[in-house]
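My entries follow in the order I made them.

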Amino acid sequence: MLPSTSVNSPVQGNGVLSSRDAARHTAGAKRYKYLRRLFRFRQMDFEFAAWQMLYLFTSPQRVYRNFHYRKQTKDQWARDDPAFLVLLSIWLCVSTIGFGFVLDMGFFETIKLLLWVVFIDCVGVGLLISTLMWFISNKYLVKRQSRDYDVEWGYAFDVHLNAFYPLLVILHFIQLFFINHVILTDTFIGYLVGNTLWLVAVGYYIYVTFLGYSALPFLKNTVILLYPFAPLILLYGLSLALGWNFTHTLCSFYKYRVK
């Protein structure tokens with residue numbers, strides 16, 4: 001069990017943070033500090049953010065061990081450095097432009113797709129999922145003896161970003177090399193390859209999300225976050241039996257968006 005306050009946080013004799021230190025640890029203060037650093041690139045640790053992106057594929061548990069360290073040293077679970085968000089945004093822009101090129105979209109169509117993917121698919125859906133998971137985890141997953149703890153909304157958003165990154169790379173980068181010549185050929189091999197990439201991508205999202213919440217020592221029953229694997233595998237098998245090509249549906253939807 002980790003300590004409830006930072007090992008470096010000054011406390012008064014009764015174990016309570018002083019008013020000045022308490023103000024620094026409010027959600028508003030943390031959010032202000034994070035947003036302020038968003039425009040100061042020299043203060044961002046891009047090398048460490050790139051390290052996290054690498055290990056989200058190879059060993060995501062190591063990424064969440066760093067969140068433990070941040071809690072012990074800075075008394076917060078959420079990231080205080082927006083470098084990961086900046087790199088993710090760059091990945092999102094580059095991969096979406098690649099998607100537009102592969103689908104033979106024009107310049108303005110690609111820009112419209114980029115705006116939609118960034119502000120709706122990533123930010124909008126991310127805010128919705130993060131808020132939902134923040135509410136569910138605080139409402140139903142906090143241990144009874146740990147009611148003084150709560151899941152930070154910023155941490156819930158970080159978990160979403162961590163889980164979204166592998167999904168983005170698989171569906172918006174790796175998949176691009178197979179779309180025109182394999183996946184969209186209306187053959188069994190086509191939707192087998194495409195739907196398998198979707199299975200891996202969404203499976204990564206579920207697993208990394210589970211790791212994020214199971215890393216919090218004051219939560220219980222986090223294994224329920226793995227339950228979506230059952231309907232996911234069922235849907236995958238059903239799609240192969242019916243010849244439903246997920247990627248073809250996605251591409252048609254993207255083209256409809258930019259009309």
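Are D121 and R257 buried or exposed? I find that both are buried, where buried means under 20% relative accessible area, exposed over 50%, and partly exposed in between (1.4 Å probe, protein chains only). The model is a predicted one, in which local features need pLDDT of at least 70, side-chain atom pairs count only at pLDDT 80 or more, and totals for chains, interfaces and linings use all residues. Residues are numbered from 1 along each chain as its sequence is written, and side-chain values use heavy atoms, with hydrogens and water left out.

Entry on salt bridges. I looked up what holds D121 and R257 together and found a salt bridge between their side chains, 3.0 Å from N to O. The term stands for a side-chain nitrogen of Lys or Arg within 4 Å of a carboxyl oxygen of Asp or Glu. D121 lies in helix α6 (residues 107-141) and R257 in helix α10 (residues 246-257), so the pair ties together parts that are 136 residues apart in sequence. I take helices as DSSP runs (H or I, at least four residues), numbered from the N terminus.

I then asked how many salt bridges the structure holds. The count is five. One of them pairs D80 with R70, with 3.9 Å between the closest N and O atoms. D80 sits in the loop between α4 (60-74) and α5 (83-102), while R70 is in helix α4, so this pair links parts ten residues apart in sequence. I note that D80 and R70 are both buried. D75 forms a salt bridge with K71, the closest N and O atoms being 3.1 Å apart, and both of these residues are buried.

Entry on S239. I found S239 in helix α9 (residues 229-242). Its relative accessible area is 0%, so S239 is buried. Leaving aside residues up to four places away in sequence, S239 touches N195, W244 and F246; contact here means heavy atoms within 4.5 Å.

Entry on the surface. I looked for a patch of positive charge and found K139, R144, R147 and K220 gathered in one. Patches are made of residues with over 30% relative accessible area and no salt bridge, like charges being joined within 9 Å and nonpolar side chains within 5 Å. Lys and Arg count as positive. K220 lies in the loop between α8 (188-214) and α9, and K220 is partly exposed, with a relative accessible area of 31%.

Note on methods. Helix = DSSP H or I, 4+ residues; strand = E, 2+ residues; numbered from the N terminus. Areas by Shrake-Rupley, 256 points an atom, 1.4 Å probe, with all protein chains shown as cover. Charge placed at Lys NZ, Arg CZ, Asp CG, Glu CD.
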